[in-house]
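Here's a quick tour to go with the model on your screen. Have the viewer ready and colour by chain if you can.

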Protein chains: 2
Amino acid sequence: MANTDSVSVRVFSLNCWGIRYLSKHCPQRYAMIGEMLTKEEHDIVLLQEVWSEKDYLCLKKKLACTHPHCHYFKSGVIGSGLAIFTKYRIHDTFVYRYSLNGYPYMAHHGDWFGGKAVGMAVLNIGGLTANVYVTHLHAEYCREKDSYLPHRVVQAWELQQFIRYTSAGADVVILGGDLNMHPQDLGNRLLRSYTGLQDSYLETAKFDGCEDGMTLIAGNPFITEKELGPFEKGIRIDYILFKSSSGAVVRCDSMSTTKGSVPDHPFPYSDHEALTAELRLESCSPAETGADGRSKAQDSTAGRLAELVDIVTEARTEVKVGLHCAERMRYTAARTGAMGLALLFLELAIAAVPWLALGAEQPFPRTSFYLLAALCFAILLTTSLLYVFYSMELKSLQGAEDQMRLAVGSLQEKLRGFPLAQPHNPPRRPPEGQEPGAFPPEE
Amino acid sequence: MANTDSVSVRVFSLNCWGIRYLSKHCPQRYAMIGEMLTKEEHDIVLLQEVWSEKDYLCLKKKLACTHPHCHYFKSGVIGSGLAIFTKYRIHDTFVYRYSLNGYPYMAHHGDWFGGKAVGMAVLNIGGLTANVYVTHLHAEYCREKDSYLPHRVVQAWELQQFIRYTSAGADVVILGGDLNMHPQDLGNRLLRSYTGLQDSYLETAKFDGCEDGMTLIAGNPFITEKELGPFEKGIRIDYILFKSSSGAVVRCDSMSTTKGSVPDHPFPYSDHEALTAELRLESCSPAETGADGRSKAQDSTAGRLAELVDIVTEARTEVKVGLHCAERMRYTAARTGAMGLALLFLELAIAAVPWLALGAEQPFPRTSFYLLAALCFAILLTTSLLYVFYSMELKSLQGAEDQMRLAVGSLQEKLRGFPLAQPHNPPRRPPEGQEPGAFPPEE
């Protein structure tokens, strides 16, 4: 890390809306995306919703010269839809699949089948180790009555954990993707506060793009009014986030988004707008960031800790709501299953009476008998599967709730031991209160 | 980290074999385990196969005074079976669920339902940040024809990735658990070589326990001869591993195992033997480990890199065998499903002929008709589920194979640029060849 020159890295992120046969003009749009990427030659390209591996392989072929290194993150039944193309060699990759991701029976929403995840690629940019993350969280289909909110909050929780722990050895952290959360949504606050990631839209020196950095806009022909709901002009749900470390300082020189149309083409690249951020990476020696190897700008303050406690507590409440719902659903599944079983026994009992009293007439027409039995079996099978599914959902929600409880306890203890609270006295339990614990990368 | 005194930490690990109503003398054994733990007062207790949360809660109650901090790692349908009890405050936890873990239809082996995972707890021991991991990999039911080998290798791969990336910010790493692998098995070599974890049995100054550190022994009354196969005396599959870092040196002062029986009790704690390791943690300043903050003892050597390339290549071959099997199974599922569908159409066609030629006699007795239709539906449903399952298995195996390919490429490039190969010339591509990339915690 002797290199003190700065490196400029152009990062691109786009949700490609690539559901074969279902997304409008899918092949044409992929052709446009490939063309644009070969022309623009971004350093790092992060794509989401590349649902078909064939489309990924087509892009790989097309970008072989401009982006020789790439990786497709595999996960779930269909795949994670996440891909990275880059000019830098990919040294290693790692993928974390979220424990919760919607419901399999909500097939029309389809999120469950996607195996949503966060993918990580380790690159070496001008002598700096850069951990680049790409992710796509569960969609929000109805903001007023968002039944997926606990799932998205748990995903945001797992995302921050994954980034926080895996990036401790990295000089630079870059995250791009469709978070499906507005800038001030709970999950977004949780992610940014806990990891210290900065939003390139808010940090950029220059910006050229949609109003308020929106990435889902009314001007996009693939977007219907209904999708935007009360946000008539659009919403900002796609992000490029970044973070400096003790080894490097990252700044955002400029940022841009597409604006709902592409010159010389009848439609845009996707239903989402594409983001491009120009980041400047400057390596620095530990001396510049203090002898303890930690950047002063990132030192935890009591205020930040207190804010974090509030956010995690809020997230915990949301997860508890999800727990309550999942428990109720599991109870309903169990009750319906029990009713199906009772119906089956009743039917068998009625059928058995004339069979025992030999010669008496069978009260059931055969067809009805078999159809009713089939119905009972179908109920039993469905409710059993649902029971198992809800049990897994409960386990994941309880797990996240447990982790949040622990984290809040630890944060509160740190807060109690914080020097600002007791200006000149040493804190009561110095080693546990101040040493790096829950915050390895930041403290 | 100004503290230069050493801290002694007693770590305990046991696979509790806690399947309620199925494992022999389960409640009595839990009572014995609880009693022993309160008496012995280990600093960190890592338990596996605590399948019932009720048993965990019982232990939690019993150990409230000796081990006030604990966590149960939730995952899957039943749970991960992993628990940690400790004297130190748990600052944070994180869990990674393995992407592959056997087959749901192998219900008698039951691994799939367990949601096997690796759990991590962040502790603060005498001012040092210790990442403590507990895990349990897929069992080996038949060593000669081990159809789960690719799954276990992928689990070992994910385990090393998880530990390597999440421990970069830790001073001390401790892993305890039932790896279900012999000391020289592929997965074990992969884990130890990649992470740099040391085996406390091999490193200990004093040892008291079973011959060769075995943890599944013929002398244990719960173990049958059949289970041990050709290894008449027993095998070593449970481990306590540890790792030093730039901030601390870890040594193993002594190690012991139980020996198949417990004084004053008619049977032992479990079918596995329990392990206890006494680790000595010594914090050290970066100056002692070199200006770059990395321990000299852990510097990568060309020999180590070459060994790693060989091991990852071997693992890749094993994963490819698994891929081949999964592809064949998926093909078989698809073919059987198609046959079920054809049979259903045939039946409907035969039934439809007399229905179209009005008045002709129905060739099918009704009961047979319905039974055959039900059979066809059952075949279709089962094969569809299997097809989806094998698709997910293929995705996970392909994902691991992709990651291994990338890793081998990156390791080989490092090896080419290694100074030992070109003693006094600068390597051709210095920034990419030598900077920390694939090995954040060790290089």
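Predicted model: local features only at pLDDT ≥ 70, side-chain atom pairs only at ≥ 80, totals over all residues.

Which strands of chain B does helix α3 of chain A lie across? Below is a walk through how the two chains relate, then the sheets and helices one at a time.

**The two copies**
- Chain B can be laid on chain A by a rotation of 180° with 0.0 Å of shift along the axis, giving an RMSD of 0.1 Å. The two copies are thus related as by a two-fold rotation axis.
- If you want to find that axis, look for Thr166(B): of the residues of chain B, its C-alpha comes closest to the axis, at 2.4 Å.
- The copies meet through the same surface, because 100% of the interface residues of chain B are also interface residues in chain A.

**Chain A in numbers**
- Chain A has nine helices and 15 strands.
- Of its 443 residues, 57% are buried.
- Take the contacts in chain A between residues at least 6 apart in sequence: 74% of them join residues at least 24 apart.

**The six-stranded sheet of chain B**
- This one is an open sheet with mixed pairing, and the strand order is β5-β6-β7-β8-β13-β9 (chain B). At its edges stand β5 (90–97) and β9 (198–199) of chain B; each has a single partner strand, so one side of each is left without a neighbour in the sheet.
- Strands β8 (residues 172–178) and β13 (residues 238–243) of chain B run antiparallel and are joined by six bridges. Along that pairing, Asp178(B) sits opposite Asp238(B), and Ile174(B) sits opposite Phe242(B).
- On the other hand, β9(B) also pairs with β13(B) in the antiparallel sense, over two bridges. Here Gln198(B) is the residue opposite Phe242(B).
- How many of the residues of β13(B) are buried? Six of the six are, so the strand is largely enclosed by the rest of the structure.
- Both faces of β13(B) are covered: Asp238(B), Ile240(B) and Phe242(B) are buried on one side, and Tyr239(B), Leu241(B) and Lys243(B) on the other. As background, side chains in a regular strand alternate between the two faces of the sheet.

**Helix α3 of chain B**
- Chain B's own α3 (residues 149–166) packs on the sheet too, touching β5, β6, β7 (128–136) and β8 of chain B. Its direction makes about 170° with that of β7(B).
- Of the 18 residues of α3(B), 17 are buried, so the helix is largely enclosed by the rest of the structure.
- The length checks out as well: at 1.5 Å a residue α3(B) should span 26 Å, and its end C-alpha atoms are 25 Å apart, which agrees.

**The seven-stranded sheet of chain B**
- The order in this open sheet is β3-β4-β2-β1-β15-β14-β10 (chain B), again with mixed pairing. Its edge strands, β3 and β10 (206–208) of chain B, each pair on one side only.
- Ignoring direction, neighbouring strands of this sheet are turned by 20° against each other on average.
- β3(B) pairs with β4 (residues 82–86) of chain B in the antiparallel sense over five bridges, and His71(B) has Ile84(B) as its bridge partner.
- Further along, β1 (residues 6–15) and β15 (residues 275–283) of chain B pair in the antiparallel sense over eight bridges. In that pairing, Thr276(B) is the bridge partner of Phe12(B).

**A helix pair in chain A**
- The axes of α4 (residues 186–195) and α7 (residues 302–356) of chain A come within 10 Å and cross at roughly 145°. The crossing of α4(A) past α7(A) is left-handed.
- On the α4(A) side, the contact is made by Leu186(A), Arg189(A), Leu190(A), Ser193(A) and Tyr194(A). Residues from α7(A) in the contact include Arg304(A), Glu307(A), Leu308(A), Ile311(A) and Val312(A).

Terms used:
Residues numbered from 1 in each chain as written. Chains lettered and ligands numbered in written order. Heavy atoms only, no water. Pairing = 2+ DSSP bridges. Helix = DSSP H or I, 4+ residues; strand = E, 2+ residues; numbered from the N terminus. Contact = heavy atoms within 4.5 Å. Axes fitted to C-alpha atoms, helices over the stretch in contact; angles between N-to-C directions. Expected span 1.5 Å × (residues − 1). Buried < 20%, exposed > 50% of the residue type's maximum accessible area, 1.4 Å probe, protein only. Least-squares fit on C-alpha atoms with pLDDT ≥ 70 in both. Left-handed = near helix turned anticlockwise from the far one by under 90°.
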